[in-house]
Amino acid sequence: MISQIFILSSKGDHLIYKDCILTTGLLVALFCLCLYLLILLQSHKGLHFIHVRQGGLYWVASTKTNPSPFTIIEFLNRLAALTKDYCGSLSEKSVRMNFALIYELLDEMVDFGYIQTTSTDILKNFIQTEAVSSKPFSLFDLSNVGLFGAETQQSKVAPSVAASRPIMSSRGEQNEIFVDVIERLSVVIGSKGVLMKADIQGEIRIKCFLPTCSEMRIGLNEELSIGKSQLKGYSSAVRVDECRFHQAVKLDEFDTFRILKVCPSQGEQTVMQYQLCDELPCAPPFQLFPSVEKDYVNRSVNLSMVLIFLKLRCDLPPKSTALNVSITVPVPKGSTSMSQELSSPDQTAELQPKNKALLWEIPRFPGGAQLSALFKVDVPGLSSASLLEVGPVSMSFELPKQTCTGLQIRFLRLSPTQTGLSQRWVRYVTHSDSYTIRI
Amino acid sequence: MPYLGSEEVVKELRRALSNPNVQADRLRYKNYITKVIRYMTQGLDVSALFMDMVKASATVDIVQKKLVYLYMCTYASDKPDLALLAINTLRKDCADPNPMVRGLALRNMCNFRMPGMTEYIEQPIVAGLRDKASYVRRVAVLGCAKMHSLQPNTEIDGTIVNELYALLRDPDPVVVVNCLRALEEILKDEGGVVINKPIAHHLLNRMKDLDSWAQSEVLTFLLRYRPRSDDELFDILSLLDAFLLSSHAHVAVATLRLFLHLASAHPTVQADALLRTSAPLLATCGAASRELRFAGLCHVQQVMRSQPGLFGTHYKRFFCGYSEPSYIKFRKMEILVELVNDENVALVLEELRSYCTDVSPELAQAAIAAIGRIARTYSEKCLDILTGLLGLKQDHITSAVIQTFRDLVWFCPQSTAAVCQTVGACVDSPQDSEGKQALLWLLGEHGDQISSAPYVMEGYIDGLKTELSSAVKMELLTAAVKMFLCRPAETQDMLGRLLHYCIEEESDVCVRDRALLYYRLLQRGVEETRKVVTGPKSDPSMSVLTGRQEEPISEWDSTFNTLGPLAGCDLCPQTAATSAADQPSCRAENELLPGKVDTDVTLSSPDDAEEEISLSLGPPLSHETFEKMWLDLETLHRQTLGFPRPRAAPDTLQAALQLVKIQTLAFTPGDTVPWKAYIYTRSTETLILAELLQGDQQAPGSDESLVVSVKQQPVNQHAIRGFVSVLKSVLQTLNPIKSKN
């Protein structure tokens with residue numbers, strides 16, 4: 001049972017505060033401290049605080065009983081997701097602008113500290129306030145894409161802002177449905193380039209703007225196999241270890257045709273989650289060839305530097321690119337300054353003495369390309385052991401239009417055909433959850 | 001900044017709300033109401049507008065109604081007489097043909113927290129229980145619980161309880177669950193809602209209709225039910241089987257808990273359930289939400305207490321991600337240590353090795369300690385890594401490695417030779433007192449195997465005057481005496497100097513007494529000393545004790561899926577959890593200083609009724625102003641906080657205090673004794689100045705406790721109490737974190 005719910009900005013101001021049952025006083029001041037120390041659970045005088053961080057905001061619930069932490073955390077996540085659905089995006093600004101709407105949502109979701117419902121289908125009957133969108137949806141956002149082609153061709157991309165608008169706005173009524181395949185990649189590559197660990201966590205997420213939607217059929221790759229036992233023949237089948245589905249998904253055609261049937265409700269929902277461990281169907285997207293050397297500029301004044309030469313190869317297919325690639329290389333303690341030689345002007349590199357690391361950023365990295373960079377880091381009083389401090393290298397990046405498992409959506413059918421034109425978008429993206437390369 | 005001119009704001013809003021022109025324009029009117037609510041959320045007191053808001057409630061616009069109701073629920077307890085005016089409108093709405101309006105009015109009427117409310121809401125609630133719209137019934141059912149909480153000590157209304165039990169058969173699933181919740185509240189004193197066989201089976205059959213939140217709640221209620229026979233038990237288990245693999249983690253975990261509880265007599269069933277749930281549990285450990293990840297990891301740890309092998313093959317899932325927050329990394333390392341076996345040890349060690357150079361010293365030290373734990377079984381590989389780390393010559397790493405060596409030697413004597421060789425070759429000495437103590441212990445205990453031991457120790461004895469920590473001095477005394485026993489020729493001279501200094505010049509009584517003890521002991525003869533001072537050099541039997549043992553599931557299943565595992569300790573459910581948190585371990589002594597403002601009775605119970613004060617930073621004070629005020633004012637309040645000062649870094653402390661709106665003016669650096677800090681804050685129209693003083697540890701009669709002295713202008717005892725309470729909470733919160741690492 002939840003006693004209070006509040007939403008705090010990153011600075012600790014309260015944006016939303018709802019007291020579900022009679023409680024005395026507000027302990028937000030104390031709570032801020034917990035946030036500062038990154039404690040998930042904090043107890044004070046029998047009141048336990050649990051928080052979740054989403055969209056730069058803190059979503060906090062306090063409780064006097066000893067409930068299931070999973071329930072509370074998932075509820076707070078769901079609250080954040082619903083707020084995002086209704087307000088369009090999650091930010092301090094949008095929460096401030098739509099506070100009346102959020103109060104209304106909370107009022108229907110929680111009564112006397114008990115969760116009543118979080119389903120958009122039910123909620124939409126009760127929610128009357130209209131969302132104030134911080135940036136009105138405009139058709140100009142769509143101008144650079146083929147408007148009428150929402151088929152599953154990969155060449156056509158939905159604008160990234162299109163999905164971030166309130167689901168229930170009367171203006172700009174667009175019958176759109178977005179199906180996203182999102183994969184998170186976590187990889188550890190050993191010092192000799194050996195793949196040591198590879199995990200893919202994926203999900204198929206639907207964001208539906210259709211006011212009413214009957215059954216939708218999502219066709220996945222026909223050769224998709226689940227689990228280790230099901231490998232058919234010698235074909236390079238798309239394989240996942242295990243998958244779980246939203247409870248509303250009907251699976252009667254899944255076993256034979258790999259078709260998911262679902263009646264999506266408005267808003268965002270995850271219809272399928274899957275994972276693949278220890279085995280990547282393709283090569284890992286990046287390979288790094290580092291070399292680290294010690295160099296004395298002037299032995300007498302003990303001026304020494306570390307030369308770090310990095311050669312980075314992108315093993316994606318030539319047509320695709322990786323975006324926002326950033327590489328963090330730990331450097332020895334006491335590094336003072338750095339000079340670098342980068343291969344193109346759009347790349348940047350800087351030394352972050354506070355994190356003992358250098359950060360190399362590449363905004364765009366085409367598949368098959370190879371980039372190299374030379375960093376000279378000045379370290380006064382360098383010892384040979386200091387070189388051990390260089391590494392492991394960690395990378396973060398985004399691979400649009402890519403799935404590492406190879407999972408694809410064959411087709412997306414709304415049946416029976418909806419009244420009016422409905423646009424269907426399919427998007428693929430792979431994020432790096434954690435990509436570590438040891439030196 | 002609305003906090004400053006609050007009266008102005010309220011006045012302006014009232015003018016606008018009562019302006020007939022505004023009232024005529026519905027949009028403008030609603031805008032002003034929205035403004036009122038916005039100020040309310042920001043913490044401004046807008047209760048003075050109650051009358052105008054009551055008027056605004058008579059509208060057909062549902063959005064406006066909702067906003068006004070929200071306002072009324074917040075302030076009803078402050079303005080009970082005015083709230084009564086609103087009740088008529090609400091009761092009228094309860095008979096509205098639109099079920100949404102009916103439900104809304106009923107819910108908000110029940111939310112009014114004021115005495116005498118019961119007589120107004122009883123009739124609408126009873127009517128609501130029989131309403132044909134399920135939405136109204138849901139609200140009415142919970143209304144019963146709210147009504148009971150308004151008058152907690154009155155007798156339980158039998159008719160309502162019966163009606164609620166009957167409503168468990170309602171077609172609407174939310175009504176059913178709400179009935180359970182309401183009955184639980186109402187019958188709390190009698191042990192909550194009774195789950196008998198028909199109710200249990202009814203609930204089980206309805207499980208599929210419920211949404212996930214209700215499912216996990218019903219599963220928790222079902223924990224109360226005991227099946228009569230094994231047949232019934234297995235029927236229930238097979239009904240619930242599908243929920244073990246639910247895509248909602250909270251349902252899967254709640255089901256697992258019920259399985260473990262029901263099948264407590266069937267260990268094989270329990271093991272099977274754990275095996276099947278390991279996949280969803282592992283999935284939560286890799287969930288996108290890192291809070292969920294943390295909860296998952298904590299529960300995995302709990303399961304591993306009984307089934308250490310369950311996650312063995314999935315050890316790679318517990319490798320730390322690069323961007324994960326440190327609270328997750330700590331948990332993952334703890335799990336990794338448990339999962340080590342012959343096959344994966346090399347990979348796990350390589351992974352842990354890469355964390356040892358982490359930017360965060362806490363994390364690096366934890367990783368080193370983790371390697372040390374693995375070294376108890378796989379000493380050779382781990383010692384290589386640890387020795388390599390010493391080469392980095394970084395203070396925090398060296399210190400952690402030496403501490404790890406000390407523990408390792410104690411647990412597994414076979415590694416002594418290797419450790420001694422490494423320590424002897426190590427030129428770098430740790431700088432913090434923990435590390436120094438560990439090194440001294442090693443030198444004293446195994447001085448015969450470390451050739452350079454006397455010279456290292458001599459360095460410490462020569463630097464004794466600058467040593468601050470008395471714990472290090474005591475360790476040094478013991479180590480020197482032990483060393484004297486095995487290498488007398490080299491040690492005799494320095495031991496003499498050490499004893500002389502400690503007896504003649506040392507101000508800490510404990511150190512002096514220890515030195516005197518050894519001095520007299522040595523006077524009795526070497527053999528006598530040897531008998532007293534030398535003990536066992538290691539205790540291999542300890543590693544058996546600390547090694548993993550499979551606990552029975554019943555040890556932990558009562559706290560599974562509660563906050564207990566997250567808190568890191570076994571909070572017993574419900575009452576124990578609250579009482580444990582209620583007792584701060586400190587003793588708050590209030591020394592009332594003579595000749596000060598007379599304090600009222602409430603001062604004797606400083607823990608109640610604070611928090612209402614609000615602190616603010618206000619304009620900064622200059623050092624000069626502070627100093628002048630500090631000298632001018634008299635101390636109003638002095639209190640021993642009962643715990644030492646937080647060992648956090650100065651900027652951590654400063655930032656933490658700033659978060660609760662306490663400004664730090666100055667503090668003495670590092671380990672200086674006595675440690676002082678000057679802080680100040682503003683509360684409602686008063687300025688509070690305070691000094692934190694870490695008592696001189698060497699001085700007799702004072703313990704390591706922190707003393708706070710407060711001065712204030714103008715005097716407001718209430719604010720002081722609040723301030724001290726906030727301060728105490730902050731410092732206490734900082735303390736356990738440090739001690740855990």
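**View 1. Salt bridge between K146(B) and D111(A) in the predicted model.** K146(B) pairs with D111(A), with 2.8 Å between the closest N and O atoms. Nine salt bridges are found across the interface of chain B and chain A. Between the two chains, 26 residue pairs are in polar contact, both residues at pLDDT 80 or more. Helix α17 (residues 290-304) of chain B contributes eight residues to the side of chain B that touches chain A, the most of any element. That side divides into 46 nonpolar, 32 polar and 24 charged residues.

**View 2. The contact between chain B and chain A.** Chain B supplies 102 residues and chain A 92 residues. About 8,400 Å² is buried between the chains, 58% of it on carbon and sulfur atoms. In chain B, the residues that lose the most area to chain A are W213(B), Y322(B) and L563(B), together 9% of what that side buries.

**View 3. Salt bridge between E350(B) and R438(A).** The closest N and O atoms are 3.1 Å apart. E350(B) lies in helix α19 (residues 345-355) of chain B and R438(A) in the segment after β25 (423-437) of chain A, so the pair joins two chains. E350(B) is partly exposed at 32% relative accessibility, whereas R438(A) is buried, with a relative accessible area of 7%.

**View 4. Salt bridge between R224(B) and E184(B).** The N to O distance is 2.8 Å. R224(B) is in the loop between α13 (212-222) and α14 (230-240), and E184(B) is in helix α11 (residues 173-186), 40 residues apart. R224(B) is partly exposed, at 39% relative accessibility.

**View 5. Salt bridge between K261(A) and E253(A).** The closest N and O atoms are 3.2 Å apart, and both residues are buried.

Key. Residues are numbered from 1 along each chain as its sequence is written. Chains are lettered from A and ligands numbered from 1 in the order in which they are written. This is a predicted model: local features need pLDDT of at least 70, side-chain atom pairs count only at pLDDT 80 or more; totals for chains, interfaces and linings use all residues. Side-chain values use heavy atoms; hydrogens and water are left out. Contact means heavy atoms within 4.5 Å. Buried area is the accessible area (1.4 Å probe) that two parts lose on being put together, summed over both. A salt bridge is a side-chain nitrogen of Lys or Arg within 4 Å of a carboxyl oxygen of Asp or Glu. A polar contact is a pair of N or O atoms within 3.5 Å; within protein, one must be able to donate a hydrogen and the other to accept it, and residues adjacent in sequence count only if both atoms are side-chain atoms. Helices (H or I, at least four residues) and strands (E, at least two) are DSSP runs, numbered from the N terminus. Ala, Val, Leu, Ile, Met, Phe, Trp, Tyr, Cys and Pro count as nonpolar, Asp, Glu, Lys and Arg as charged, and the others, Gly among them, as polar. Buried means under 20% relative accessible area, exposed over 50%, partly exposed in between (1.4 Å probe, protein chains only).
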